[in-house]
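Visitor: Could you walk me through this structure? I have not looked at it before.

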Amino acid sequence: MTKAPVNWTNMSLFSLTPAFAITLVPWYGFFYGYDLFEWVVFALLMAFCGMSITAGYHRLWSHKAFKAHPALRLLFAIGGACALQNSVLLWASDHRNHHRFVDDNERDPYSAKRGFWFSHIGWILRDYDSAQTGFANVRDLQKDPIVRWQHDHYLSLSLFMNIGLPALIGYFHGDLIAGLLLSGLLRLVLSQHLTYLINSAAHKWGRQPYSDENTARDNPILALLTYGEGYHNYHHAFQWDYRNGIRWWHYDPTKWMIQICAWIGLTRELKRCTPLEIERARIELQYKSAAEKCELLNISEKWRATLEQEYEEIVNTLQLWSEHRQAWYEAKGRQIQQTLSQWDQLQIRDRYREIQFKLKMRRRRWQELLRNLADPLPASA
Ligand SMILES: [Zn+2]
Ligand SMILES: [Zn+2]
């Protein structure tokens, strides 16, 4: 099979920038040093680029997980050009294909099934057919004047952000070269490779709590490096949710930033999946793998029937819990509007708490059952 033709612009850029970064940056640091201000500008520009990609390119434009004020969209467009990951239009088109055809080697532009290197950066270095997408899947984004403006001025914008701005800051601070090396070169190489880890490492290492139908994985360590994008199994299962890390202890600064922007009116219509959908996906997957294990270990029919029954019970209780939760929220609203008596509200609340407790017990039994299965001796007895 003949290899796809090399894209020499990308090949040179992605070979030379890391080569210069790992030689020139330490060399200059050793002989001349970098001061605190230069490191702070480096960190701020890293965050600006990184979050313009995660919040802007990814969650806003590719997935339409929320709506943003034009001022914020403009910032994301400028930060995305600084990250040098193509225009919004090209990035979102590739990314929508990645979700739609995930792991399909012919149609997913960075299919993880073609190997770590390919999904990380290999797909950019050659002109593969799988990346020739056109704009058919981003017609909606072409209506956004900021997206069109960024696409038309991408080259000059990215040159200014990657060379002009770091040089200017460096010049006014008194060391032009240090500015260019830290905030320009090192920041560019690091921010690119950290983003690319989501296409490579987050499709290879980690847990799959929500779906095993594709290679995407939840990996909290990657979340630390990518402003929260490491919960990639969740993201592929619920791609239009503005959150990637859904628990309060999940490190997802992109989610926090979108949320804070909502409080000050810069973002709105934040989409999130319901706890029912999320929990059901998790339990379905647990049931599926438990049933497969029963088959494999030839576990007794009686035990399998228990698994089946507990699964149905927990799904039904979950459904009931969701309905009562909804009723409780509605009751709280009506209480505020004074269209519901205190007595009725208390009844709805107590019923909801009852179901909540029932669900807690069901969950315990379900976990116990799964634990038993992990230890096949008592389970198969
Ligand atoms: Zn992915
Ligand atoms: Zn995505």
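Predicted model: local features only at pLDDT ≥ 70, side-chain atom pairs only at ≥ 80, totals over all residues.

Visitor: Of the contacts between residues at least 6 apart in sequence, how many join residues at least 24 apart?

Guide: Among those contacts in the protein chain, 67% join residues at least 24 apart.

Visitor: Let's take two helices, then. How do α1 and α9 cross?

Guide: The axes of helix α1, residues 8–31, and helix α9, residues 176–199, come within 10 Å and cross at roughly 140 degrees. That angle makes α1 oblique to α9, and the crossing in which α1 passes α9 is left-handed.

Visitor: Which residues make the contact?

Guide: From α1 the contact is made by Thr17, Pro18, Phe20, Ala21, Leu24, Val25 and Tyr28, while α9 brings Ile177, Ala178, Leu181, Leu182, Leu185, Leu186, Leu188 and Val189. Sorted by class, this contact of α1 with α9 has 14 nonpolar residues, one polar residue and no charged residues.

Visitor: New topic: which residues of α12 are buried?

Guide: In helix α12, which covers residues 253–263, the buried residues are Thr254, Lys255 and Ile258. They lie on the same side of α12, because they cover an arc of only 100 degrees around the axis.

Visitor: Why would residues a few places apart point the same way?

Guide: An α-helix has 3.6 residues a turn, so residues three or four places apart point the same way.

Visitor: And what covers that buried side, and what is on the face turned away?

Guide: The cover over the buried residues of α12 includes α2 (36–62) and β2 (267–268), whereas the face turned away from the buried side carries the exposed residues Ile260 and Trp263. After α12 comes Gly265, whose phi is positive, near 85 degrees.

Visitor: Last one: where is His173, and what does it touch?

Guide: His173 has its place in helix α8, residues 154–173, and, leaving aside residues up to four places away in sequence, His173 touches Phe37 and Gly179.

Definitions and conventions:
Residues numbered from 1 in each chain as written. Chains lettered and ligands numbered in written order. Axes fitted to C-alpha atoms, helices over the stretch in contact; angles between N-to-C directions. Helix = DSSP H or I, 4+ residues; strand = E, 2+ residues; numbered from the N terminus. Parallel < 35°, antiparallel > 145°, perpendicular 65-115°, else oblique. Left-handed = near helix turned anticlockwise from the far one by under 90°. Contact = placed C-beta atoms within 7 Å. Nonpolar A, V, L, I, M, F, W, Y, C, P; charged D, E, K, R; others polar. Buried ≥ 20, exposed ≤ 12 C-beta atoms within 10 Å, placed from the backbone. Arc of directions from axis to C-beta.
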